[in-house]
Structure formats: structure tokens, C-alpha cells
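Let's take a friendly walk through one protein model. Have a look at the structure below, and then we will go through a helix and a few strands together.

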Amino acid sequence: MAEMGSKGVTAGKIASNVQKKLTRAQEKVLQKLGKADETKDEQFEQCVQNFNKQLTEGTRLQKDLRTYLASVKAMHEASKKLNECLQEVYEPDWPGRDEASKIAENNDLLWMDYHQKLVDQALLTMDTYLGQFPDIKSRIAKRGRKLVDYDSARHHYESLQTAKKKDEAKIAKAEEELIKAQKVFEEMNVDLQEELPSLWNSRVGFYVNTFQSIAGLEENFHKEMSKLNQNLNDVLISLEKQHGSNTFTVKAQPSDNAPAKGNKSPSPPPDGSPAATPEIRVNHEPEPAGAATPGAALPKSPSQPAEASEAAGAQEPGETTASEAASSSLPAVVVETFSATVNGTVESGSGAGRLDLPPGFMFKVQAQHDYTATDTDELQLKAGDVVLVIPFQNPEEQDEGWLMGVKESDWNQHKELEKCRGVFPENFTERVQ
């Protein structure tokens, strides 16, 4: 008996969903053709435009903030490597070795603290701010559907009243349906009319707090980093004073276009010296005839053309290794890209024709938030649920921001679309295939 009752509820739900979709579709067609008037609220439409603008701006800010944090992390790693290099070259008998090591340690801690504070005071606040948008967006879309239901009920009631043969029973029932539809719509409408302007006004304080936090954290970071850099400079000055006789002098290099004095080139250095090592080129592109090669910008000495040519064409062991490494790295990138293409396109495309997926299957999404169904044609979602997305039978029924689908667990159990499918807000999910 319980099973029969369950089947009866399911059948009733299916019938109700089908009738509701049909009624909405008919109403939208009549409104588009101008055969039925549509309830308009310009003030609310302006609130929706502001909401969409605010969501777009907030999403961009979140993306740019994450990019900024990634840059801070990359700069931290680069600074850490640079300090490690200094520790390796700093010989034990040089003065200030312990101080330099302590400065490097404090430098690392300062970068970590800066990154963590940015996450706590800016990124988490950003995530909390954007977290309120998905629910409101779904309610705006649902209000639109309830408005169509209200207009449809209103037109049905008006048509019965103006009919030549009046059926009082039908008129009474239509009036009851109209009152019910109006009540549901107005409750949602009133709540959104209050929330949307408040949310729009809150953006000013949010932007102020966010950028004040970032600016203050960056200012303090640079102050502390400046102190560490000054301390490191003092250590290096002390090292320079102790080894003053070994000062390194930077000599000015001639311009590429400046002719050598006397139009003569110096004799080529001995083989094996650093100056005789050819420049390693990763990108082996053909050079135009007559182009100057690195290390041979000055005119060659007439007395040694053969030696200069051999030096320019010589291949050092280090060059061979670097060239092989550069060449071998290219296939890895190609293979990785090809693999990603296969996994992202070929596999997802071939899955659409498998027998264990619903007809018309397009792609999978996974719920990122819980969603409580508030209508008979909606899916109830829990975070983590996988949904198989399918097309609407009638594209006219699809509202912006909503998808049609069936939960994977329900499909695997029943294999019947009429029992399991329903609409759900797209922004509560994330595409996984």
C-alpha cells in the first residue's frame, strides 16, 4: 500500500509539473505575440540590473585578488631562492654570516605573514561577500516564473468572466487559483524589493574595507621589508670594508652600433674560456644571411678568419646538453595538451552516446551548495550531488540561469526521466565534465 501511495504521489507530481510547464510556455508565447499583457515593474527591473552589475564587479574583483595573491606567493618563492643563493656563496670566514642568515629567515617569515593576512582580511571577506549572490539570483529567477504563473491565472480568470456562457464553479476555482498565485508572487516580490536595494548600497562599504585592508597590509609589509634590506646592506658594507682590496669594478660596455677603436677586433680568447663559449639559443629559428652572431659584433681580424669561424661554429658540451633539454621538453608540453584535449573534449563527447546516460545528455555538474526545492518541478540538491544535464523539451520554458537535469544517483536507480528530472539554478553548481 505504501508503494502504491508513493507511485501515486510521483504520478501526481509529474502531471503537475507537465501542466505547469505547458501553462507557462503558452503564457510566454502569448505575451511575446502581444496577445496577452505582461505585468511590468520598472523599479524592480532596475534593481535586477544593479544586482547583475554588482555581481559582475564582485566576481572580477575576486579573480584579480586571487591573481594578486598568486603573484605574492611567486614573489615569495623568488625572494627565498635569492636568499638561499646568498647563503651558499657566503663563506664561513666572512663577517656577518650569522646576521645574513637571520635576515633571510626574517624575510621568509615576513612574506608568509603578508600572504596569510591578505587571505584572512581580504580574500575570505571577498568570498563571504559573494556567497550571498547565488541564493538571491535563484530567487530572482523564481520570481520571474511565479510572475508568469500569476499573469496566466489572471488571464484565465478574466477570460471566464467575459465568456458568454458563464460557469460559476469554474470562475470560483479560477479566482481561487488567481489569489493563490498572486500571494506566492507578492511574497517573493516584497522580500526582493527590500533586499536588492540594501545589497546594492552595501557595495560601497565593502569596497572601502577591502582596499583599505590591502593598502594597509602592503604598507606595513614594505616598511618591515625596507628595514631588513637596510640591515642586509649594512652587513654587505662590513664585508666590503674587510675585503676592500678585492673591489669589483663594473666596466662600461661599448654599444652594439659603436665601431671598435681602430676598426680592429681583439684576438679571440683561448678555447675553453668563458668568452669563447657560444651563446645557447633555445629557439632555433633561421637567421637572415649576414646577421651578426653573438660574440662577433666587432669586425673580424683579417689575419684569423678561419679561427674566428671555427670558434663561432664550435659546439661546447654545455650547449649540447641545453639544446637536448630544450628539445626534449617540447614533446612533453604537446603530449600534455593533447591529453587534456582528449580528456576534456573527446571523452566528454563520446559519453553523450553511452547507453547508461539519459537521452540528450550534454554534460555533468556538481552541486557546490545545498539547494532546497521550493516548487514541484525543481531538484533538491545537496553539496556534492552530481547532476546529468539534459536539454529542455521546449526551449521556451528555460529561464535564464536555470538548467534541466537529473541527479546521477536517481538516474542510476530508476532510468526514467519523467520520475527524476527537474530544473535547478546553474550558479549553485560547477561543471565537472
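## A threonine in helix 5

Let's begin with threonine 210, which is found in helix 5. Keep in mind that the model you are viewing is predicted.

Is threonine 210 buried or exposed? Its relative accessibility is 2%, and since buried means under 20%, threonine 210 counts as buried. The side chain of threonine 210 also reaches the backbone oxygen of phenylalanine 206, at 2.8 Å.

## The helix from end to end

Helix 5 covers residues 168-242, which makes 75 residues. At 1.5 Å a residue, helix 5 should span 111 Å, and the C-alpha atoms at its ends are 109 Å apart, so the two values agree.

Along the way, helix 5 has a kink of about 30°, centred on arginine 203.

Now turn to strand 3, residues 402-407. How many of its residues are buried? The count is 6 of the 6, so strand 3 is largely enclosed by the rest of the structure. Both of its faces are covered, with Trp402, Met404 and Val406 buried on one side and Leu403, Gly405 and Lys407 buried on the other.

Which strands pair with strand 3? Strand 2 (residues 386-390) pairs with strand 3 in the antiparallel sense over 4 bridges, and here leucine 388 has valine 406 as its bridge partner. Strand 4 (residues 422-425) also pairs with strand 3 in the antiparallel sense, over 4 bridges. There, glycine 405 stands opposite glycine 422.

How values were computed:
Residues are numbered from 1 along each chain as its sequence is written. This is a predicted model: local features need pLDDT of at least 70, side-chain atom pairs count only at pLDDT 80 or more; totals for chains, interfaces and linings use all residues. Side-chain values use heavy atoms; hydrogens and water are left out. Helices (H or I, at least four residues) and strands (E, at least two) are DSSP runs, numbered from the N terminus. The expected span of a helix is 1.5 Å times one less than its number of residues. The bend at a residue is the angle between axes fitted to the seven residues ending there and the seven starting there. Buried means under 20% relative accessible area, exposed over 50%, partly exposed in between (1.4 Å probe, protein chains only). A polar contact is a pair of N or O atoms within 3.5 Å; within protein, one must be able to donate a hydrogen and the other to accept it, and residues adjacent in sequence count only if both atoms are side-chain atoms. Two strands pair if DSSP finds at least two bridges between them.
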